[in-house]
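Trainee: Before I rely on any label attached to this model, could we go through the labels one at a time and set each value against its rule?

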Amino acid sequence: MLETCIDPEADLQAMLWGMLTSEDKDLIHKMYTLVDEMGDYNLCKILCRRLCELDSDDLTNKSNLANALLDNCKYAEAERLFRQCLEAKKTSLGKTHPNTLSSMDSLVTVFNYQGKYAEAEMLSRQCLEARKTSLGETHPTTLISIGNLAGALDSQGKYAEAEMLYRRCLEA
């Protein structure tokens with residue numbers, strides 16, 4: 001079956017170059033999805049950069065690129081892109097829209113990776129308050145925000161408050 005899908009004589013490098021120089025965003029996005037599932041984060045980064053070249057205003061492409069950079073330990077560049085996505089979503093969707101709050105969570109993640117725990121805590125608190133208001137205390141996404149805040153507190157040695165929040169997650 002596989003033999004009918006793959007040409008063993010094909011020049012893989014030429015095929016990849018053809019894809020990277022293609023204008024077909026759908027093809028590149030499908031390839032990105034495939035290599036992301038395979039865990040090839042370097043190739044994800046390359047494909048996302050190409051998608052951003054083709055459509056620099058697409059926030060999904062920008063966010064995917066930021067995630068690929070995060071996976072490649074390129075934290076400063078990932079932070080810059082996550083900040084751009086967050087600001088654009090605040091402007092277009094509002095501060096409490098679920099997609100805006102997801103962008104906040106992404107920025108919290110990159111802050112944690114960089115050891116910027118105070119910034120992660122501050123943004124986690126904002127995100128948590130917005131989620132509690134819009135979704136309620138026990139919604140799964142709110143619980144993720146509680147866990148994110150607990151992690152930021154834990155990383156700063158604020159163990160009592162972190163433990164209380166972890167327990168809230170477990171009890172829900």
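Predicted model: local features only at pLDDT ≥ 70, side-chain atom pairs only at ≥ 80, totals over all residues.

Trainee: What makes a set of residues a nonpolar core, and which members of the largest one touch the most others?

Mentor: The term covers buried Ala, Val, Leu, Ile, Met, Phe, Trp, Tyr and Cys residues joined through side-chain atoms within 4.5 Å, where buried means under 20% relative accessible area, exposed means over 50% and partly exposed lies in between, with a 1.4 Å probe and protein chains only. The largest such core has 31 residues, and L47, F82, L107 and V110 touch the most other members. Two or more residues come from each of α2 (12-20), α3 (25-38), α4 (41-54), α5 (59-71), α6 (75-93), α7 (98-113) and α8 (117-135); these helices are DSSP runs of H or I with at least four residues, numbered from the N terminus, whereas strands would be runs of E with at least two. Apart from this core lies another, of eight residues, including L149, A150, L153 and A162.

Trainee: Which residues does V110 touch, once residues up to four places away in sequence are not counted?

Mentor: V110 touches L70, Y75, A78, E79 and F82, a contact being heavy atoms within 4.5 Å.

Trainee: Why is the pair of E79 and K116 called a salt bridge?

Mentor: The rule asks for a side-chain nitrogen of Lys or Arg within 4 Å of a carboxyl oxygen of Asp or Glu, and the N to O distance between E79 and K116 is 2.8 Å, so the pair qualifies. It links distant parts of the chain, with E79 in helix α6 and K116 in the loop between α7 and α8, 37 residues apart. E79 has a relative accessible area of 9% and is therefore buried, whereas K116, at 26%, counts as partly exposed.

Trainee: What can be said of E119 and R83 under that rule?

Mentor: Their side chains meet in a salt bridge at 3.5 Å, N to O, and this pair also joins distant parts of the chain, E119 being in helix α8 and R83 in helix α6, 36 residues apart. E119 is partly exposed at 32% relative accessibility, and R83 is partly exposed at 36%.

Trainee: How far apart in the helix are R167 and E163?

Mentor: R167 and E163 are four residues apart in helix α10 (residues 159-171), which means that about one helical turn separates them. Their side chains meet in a salt bridge at 2.7 Å, N to O; R167 is partly exposed with a relative accessible area of 48%, and E163 is partly exposed with 39%. Elsewhere, salt bridges that share partners join E79, R83, K116 and E119 into one network, and the count for the structure comes to 17 salt bridges.

Trainee: Why is the ring pair of Y75 and Y113 called stacked?

Mentor: Rings of Phe, Tyr and Trp (its six-membered ring) pair if their centres lie within 6.5 Å, and planes under 30 degrees apart count as stacked, over 60 as edge-to-face and the rest as tilted. The centres of Y75 and Y113 are 5.5 Å apart and the planes are at 5°, so the pair is stacked. The count comes to one aromatic pair, and this pair links Y75 in helix α6 with Y113 in helix α7, 38 residues apart. Y75 is partly exposed at 23%, while Y113, at 52% relative accessibility, counts as exposed.

Terms used
Residues numbered from 1 in each chain as written. Heavy atoms only, no water.
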